[in-house]
Structure formats: C-alpha cells, structure tokens
Amino acid sequence: MLNPLLTLKRILQDSARAADRDEMVKLMAAQIKKAMSVDVCSLYLLSPEKDLKLSATEGLDNASVGKIRMPFGQGLVGTVALTQHSLNLERGDQHPKFLFFEQTGEERFKGFLGVPLIYHGDTIGVLVVQVYDPRKFTDEEEAFLVTMAAHLAGTLGSGVIKSNINAQESNHAVQRLIGIKGAPGIAFCRVKVVKDEVDINQIPTLYGEYYSEEKKRLDQAVAETLDDLEAQMGNMDASAGATLDALLEVYRMLLASPELKTVFDEMLEQGYAAETALRDAFLRQVEVFEAMEDPYLRSKAEDLRVLAGKLYRRLTNNTSSRIMTDTPVILAGRLVSVSHFGRIDANKLAGVISKEGSALSHTGVLANALGIPAVMGLEDLNLDNVDNQDVIVDGNRGIVILNPPEPVVLEYQRLMRQVKALDADLAPLKNLPAETLDGEQVALLTNTGLLADISPGLERGAEGIGLYRSEIPFMVHHNFPTEEEQQITYRGVLGAYAPKPVTMRILDIGGDKPLPYFPITEENPFLGWRGIRFTLDYTNIMLEQLRAMMLASRGHNNLKVMIPMFSREDELQRFLQIFELAITQLRDEGRDIQRPQVGVMIEVPSALWLISRVRDQVDFISIGSNDLTQYLLAVDRNNSRVASLYDSLHPSVLMALKFIIMEANRLKLPVSLCGEMAGDPVSVVLLLAMGLRQLSMSAYKIPRIKSLIRHLDINDCQNVLDDVLKLSDEKLMRQRVEDFIKGLGLTALLGV
Ligand code: PEP
Ligand code: MG
C-alpha cells in the first residue's frame, strides 16, 4: 500500500538538508522511486526556452541530466506536458510518440507512467516512473504519482519560474532568435563580433579652409575607396567572381552618381569640409531609398551607408584592419558588410548574423554566392555578450541559437552531415535530365536579375534562364539606361547562357518596384501603372529596350521576350506593333538580327480567359504565380499583416493553375512557371500532376527540385493532387504532399 503522506514527509526532510535545487530534485526522485519500487523515476522541468529539461533521474544515466530536452508535444514527456494528461503505458517504447535518446539507456524500460506538474494552470514539468517489464501501472500507483506531482508542483512552481528568470539573464542561457533568411545553409561555431561601420549620422559638421583642397581630399578618398574595394574583393573566393564584379560595378556606379556629385559640390562651395559634404550627400540618397516600399530598393540604402563609412574612413585615414582568426567563425554585427567579407580569409568565414539588414542587400547576395549561411534582421541579438559564444546559424529557416544545448547541437551536426552528403549526392545530377520515373522530361531553368546571379545557375545545370527581371538593372541605375548600356548588360547574360534560351521580361516597374529616378505615387500601386501598362505609355523606352535585347542577342540568337502584367488583348497588339517596328528599324539599319519568340506572363486573373484568344499571336506563356496568387486572393504579397493569407496552395489558385496548364496543353502552347512555387517541392508535385513540364527558379533550388522530379511518378502525383483538391485548408494540403514526399524517402529535400 503506497503512502503519499509518508513519502512527502521524507521528501520534506530531504529538502531541508539539500544544498541546492538540483540536489533537492534528485532526492525527490530517489524517494519516489523507493516508495513505488520502480526502476526509474525522473523529473523533467520547464526550462527558460519553454521546453522540458531532464532535471533529475534515479535509474536513467545521470550524465544525461540537463542535456535531454523535449519541446512540448514531442516524445512521451512532451505529450504529457502539452495535453496535461497522464500517460500510463504498458509498452512506452512502442508508443508512436516515443523518442529515443541513446544517452539515457531508456530503451531498456517498457512500462511508462508520466504525470504533469501543473502550477497555476500551466505545465511546469513532468514526473515519470518506468519499469523494465512491460506492464501498465495500477490505479493506485497512478493516483499516488498524481498526488506526488500535485505536491511537487506547489513546492517547485515558484522556484522553477524564478530560476528560469535567472537563467534568462545569464550569458550562457540558450537563446533562440528569429530573423530574416539571408542565405541558406547551416553553420555551428564561435561568434566574432565585428565593429560597426562608421555611422554617417554621427559625422560632425566641419568647415574647410579651401574649396580646392577639400575637393581634392574627397576625390582622392573616392579613388582610394574603389582601390580598397577591388583589393578586398580580390581576397575572396574566386567562385564568387561574377558576383564581386557586379557588386564592384554597383559601388562604382553609386560613387559616380550625379546626385552625390551635385551635393558634394554644393556643400564644398558653401565652405563645408569634405567629411560634412560626404555626410549630407549620402544621407539625402539614403533617405530617398529608405522611403521606398520595394525591399530591393530599400536595401540599397544599407549599401549606401556602408559605402559612406568606407569613404569616411579613407578621408580620416582610419582604414580597417584584417579580421584575424585561427578557426572558422560566424561574423556578427549590427550590419555585417561586404567589406567585412573581404577582411577575413574565405575559408575562415562560416556564417553571418546581423541585427539589421535584409535578404536583398549586397551582403545577402554575396553570402548566397559564396554559399555561406546568413541570418539578418535579428533585432534581439545582444552584441555585447555574444562574442566567442557558440552559435548555430540556420539560414534555411532564419533562426539563430545561442549556446545551444548538446542534443540540439547533435541534431544540427547530423543535419549538416546530411546536407553535405545530400549536396555531394546531388552534384552528379548537374548533367542528368530532370526526368520522372515514368519518363516525363521537365525543363529546369533559373531566374536572374543581376549579373551577380549568372554563375550559380550555370554551376547547377540550369537549362536556360526562364525569367530575367530586366527592371533590376534599371533599378540600380541613376537614370534610364541608354540603349548602348542596356545592350552591354543583356549581352553579358545572353552570352553566358548561349546557346541555352534566355527569357527576358521587358520592364516590370510600378507596384512595389518604382524607379528611384521616376517616382510614381498612386493610391493603389499594385492595381495601377505597372508592367506593360507603363511601357505602353512610354513606347520609346519599350522600343529602346527591345532594340537593345535583340542587338545583344546577335550571334547567340537565344533571346525570348516576355510581357509582364498582361491583362488585355489590345496590350499584346500594341506591344507587337512596337516589336515589329524595332525589328524593321534594326534591319533597315543593316543589323543582322533574328526575330525572338514572344510570350506573355499569366499573372493577372483576366489573362486566364485570354489564353485561347491570343494563342496565334504568342509563342509561349509563363505563369507568374507570385502575382497570380496576390491578385486572385486579393492579398498583398508584401504586407506582413495578411502574410498568413498569402498561400499559393489556396484551392482557387490551384484550380486556376490547373486551368492554365490544361488550356496551354490543349492549345499546344508551351507553358512554364517562374514564380516561387517552382522552387517549392510541395508545389512541384502538384504542378507536374497538372501537366506542367517547365519550371524556372532561383539557382540553388535546382539540384533539389531535380532530385525530387527524378523520384516521382506522374500517376502518383495525380493521386496526391486529387486528394489535395478535396481538402480546404492549405496547411493540411501541404501536410498531405509532404507526407507523400517523405514516403519517397526524400525528407531531406523538404524545408530547404
Ligand atoms: C510572379 O509574379 O510570379 C513573377 C515571377 O514575377 P515577379 O515576382 O517579378 O512579380
Ligand atoms: Mg509578377
């Protein structure tokens, strides 16, 4: 007969002589084990990270105390905690929720009884007893443990909460920070905090003696800064060569911009020193970019600040030194800049984390090109106590874990080994076709915008460019680029991919993509003067762009031209008139050009019902699933308040996609998809089932999507699609497809 009062009395006596809380919980576990004559008694308590930590055990391996952790809902213990219900199992080791931790030796125990510790309605821990033999615990035993748990919860409750607060204040507490995904990949190593670049707002107001002297200082600083940049970039990994050239070009362009020069001159003429001229000229530009809605353009403000810092250091002869380290490190800072990358040996740079910054900044672009994981926008990152701490950077999920506990480290190390093995396994796929098990060929192309993105696609076996966003070079320019300038840029892209096809989309500005030198103010920019609507009002811009594209394609003849935001038939007709005019003009000028194929993007809902009507006037269509989702669901793709409603798996979007693909196939009109869905494994299963055979995505997603396709059978995909279309909740739909992908043994391809 179990006697709870006697056991409690003993526990209280033990507590009085315990030196600290750890010893106290250990004595409690020992008393309960003894009173119940069980083989194991363990106590899991709520940790500051809100998971359950093994805090004491009598019977399991003591070395695992403090190391075994379980989130709510996971494992038997996590299930008890989440449901706040006891779990009494004859064979705990056979329960689907059983989690095996090798270090505990737990697998030897069969009978399991876990009860929650509830304090003021919240779970603060779980008390567990286990026995070797398979047996269910009696009602009396269960009642005894529930009674023990109730008393312990009262005794420990306030203590657990208090110790959590203390632990949170400690430098060595585990901390999980959520930021913005900058570049994919995982790293685990020591942090090195890098000093801020100069904050231009802090530059003082100074006056110069002589205009000519100040001007000379400023010109010299500009020239030296460019030399520095070239030298720093020379230190970096050669694999990022194209990216670096492109970045350098952007910096050159920024430094040469007339907006900066005008303010420099104005300020110097008014008697200010070079430092102050630099501050005001850059701040004015920064303000312009920071006010922009488009995240790509906003990120340029960041680049301008970094550049201003470099110039200032040159002006004040305060040049930065190399970052010395013997072992690989994760650089952390308010803003880790491109110049930090250049001051550390490439093989010592394992990752990047920063309080500010966005995925579209140059740092993000460069981290991607160098294959280094990066997480930005970590507002809660405390730079004062992170130096030298061990950190996990999970660029795939935009998560950083400071001082990770051992089980988490082991898990991530396993993941890193898996990713390495996966990449090695996938590398030989580069030259293999994306062909399903039943012999269906799928073309995988890449999306680009900057010259910086060119090589990653080629390195991963892209079969061409499915979407070249031509507005991006326009956005990094200081005014509408000339036909000649455009021709040079386009030739770089077309030449790099020739003879593979390159689909260049004509200017798609407006909406969230205004040009800095051509502001458009509208109440409803996404429903306004965007894409083809804009260029049809500026036919000279369209004509020049088409001429530049066709001239750039000479000798390669791999150009295809695509119209964004197509929503009316007359838009296509008016476009074709200008297109014909460009061809006639060029031929009349004696230029040997070939007529490129022409296609329209299907991204505005009205275009769905125009496909058959324009069939004979176009050579292909491409689905812009990003905008199609936005316009079908009336959900702004950039508005975080409605972000949870923006899901391309919404049944209406799926039905629209099914219709477009069926219609195109019926009309024998080549169709591709170039929105984000193309790189999402779940969407790809559904798109193939619908009959799509051409996808264009960001380069690093190609190997994984190819691997997925090579494991698929179209009939199976169709069954999954049928199931999915019967569901109404996007989460359940995603789950159904993920289960299918997992069933193929391809779990590793998900979430990357
Ligand atoms: C799209 O809308 O899906 C698309 C590919 O174009 P963008 O993202 O550039 O609008
Ligand atoms: Mg679009």
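Helices (H or I, at least four residues) and strands (E, at least two) are DSSP runs, numbered from the N terminus. In this predicted model, local features need pLDDT of at least 70 and side-chain atom pairs count only at pLDDT 80 or more, while totals for chains, interfaces and linings use all residues. Residues are numbered from 1 along each chain as its sequence is written, chains are lettered from A and ligands numbered from 1 in the order in which they are written, and side-chain values use heavy atoms, with hydrogens and water left out.

**View 1. The protein as a whole has 24 helices and 23 strands.** Of its 752 residues, 54% are buried, that is, under 20% relative accessible area with a 1.4 Å probe and protein chains only.

**View 2. Glu603 (OE) and Asp627 (OD) coordinate the magnesium ion (ligand 2) at 2.1 to 2.2 Å.** Glu603 belongs to the loop between β20 (597-602) and β21 (620-623), whereas Asp627 sits in helix α19 (residues 625-633), so the pair ties together parts that are 24 residues apart in sequence. Glu603 is buried, its relative accessible area being 2%, and Asp627 is buried as well, at 3%. Donors are N, O and S atoms within 2.8 Å of the metal (3.2 Å for Na, K and Ca), and because water is not among the atoms, sites may look incomplete.

**View 3. The crossing of helices α20 and α21 is right-handed, meaning that the near helix is turned clockwise from the far one by less than a right angle.** Leu654, Leu657, Lys658 and Ile661 of α20 make the contact with Leu686, Leu687 and Met690 of α21, where contact means heavy atoms within 4.5 Å.

Notes
Buried < 20%, exposed > 50% of the residue type's maximum accessible area, 1.4 Å probe, protein only.
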